[in-house]
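The following note collects points for discussion on the structure shown below. Each numbered point takes up one topic.

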Amino acid sequence: VTGASFVVFNGALKTSSGFLAKSSIVEDGLMVQITRETMENLRQALRDKKDFKITCGKMDAGDVKEYVDICWVENEEKTNEG
């Protein structure tokens, strides 16, 4: 679990790169590089207020994967305290 001050979603990752998606820490935030198709699916999930999971890592890496989970919560006050 990584806490971040901000998240940047970059939809310019090429499918030919060999990655499903890439995540990296940038200053005090998180940058997630995703394909155009994943960006479209993410936008729709945000519009519909649905949870969304992005699987990061190489396509042929087997079981070693990282995940970026976007989750909607019921009570925002308790989640964002401090």
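1. Helices (H or I, at least four residues) and strands (E, at least two) are taken as DSSP runs and numbered from the N terminus. The model under discussion is predicted. Its chain contains two helices and five strands, arranged along the sequence in the pattern β-β-β-α-β-β-α.

2. Thr35 is placed in the loop that joins β3 and α1. Is Thr35 buried or exposed? Its relative accessibility is 10%, and because buried means under 20%, Thr35 counts as buried. The Thr35 side chain forms a polar contact with the side chain of Thr38, at 3.0 Å. Apart from neighbours within four places in sequence, the contacts of Thr35 are Gly11, Leu13, Thr15 and Leu20.

3. The largest nonpolar core has twelve residues: Ala21, Leu30, Val32, Ile34, Met39, Leu42, Ala45, Phe52, Ile54, Cys56, Val68 and Ile70. At least two residues of this core come from each of β3 (29-33), α1 (36-47), β4 (52-58) and β5 (66-70). In soluble globular proteins, nonpolar side chains tend to be buried together.

4. With neighbours within four places in sequence set aside, Val68 is in contact with Ser23, Leu30, Val32, Phe52, Lys53, Ile54 and Cys56.

5. Two lysines are placed over aromatic rings. The charged end of Lys22 sits over the Phe19 ring, 4.9 Å from its centre. Lys53, a contact of Val68, lies over the face of Tyr67, with 4.4 Å to the ring centre. As for pairs of aromatic rings with centres within 6.5 Å, the count is zero.

6. Two non-glycine residues call for a check of the backbone. Glu27 has a positive phi of about 55° although it is not a glycine; its place is the loop between β2 (19-26) and β3. Glu27 counts as exposed, at 74% relative accessibility. Lys49, likewise not a glycine, also has a positive phi of about 55°. Lys49 is found in the loop between α1 and β4 and is exposed, with a relative accessible area of 59%.

7. Some totals for the chain complete the note. Of its 82 residues, 21% count as buried. Among contacts with a separation of 6 or more, 39% are between residues 24 or more positions apart.

Terms used: Residues numbered from 1 in each chain as written. Predicted model: local features only at pLDDT ≥ 70, side-chain atom pairs only at ≥ 80, totals over all residues. Heavy atoms only, no water. Core = buried A, V, L, I, M, F, W, Y, C linked by side-chain atoms within 4.5 Å. Buried < 20%, exposed > 50% of the residue type's maximum accessible area, 1.4 Å probe, protein only. Contact = heavy atoms within 4.5 Å. Phe/Tyr/Trp six-rings, centres within 6.5 Å; stacked < 30°, edge-to-face > 60°. Lys NZ or Arg CZ within 6 Å of the ring centre and 35° of its normal. Polar contact = N/O pair within 3.5 Å; in protein donor to acceptor, adjacent residues only side chain to side chain.
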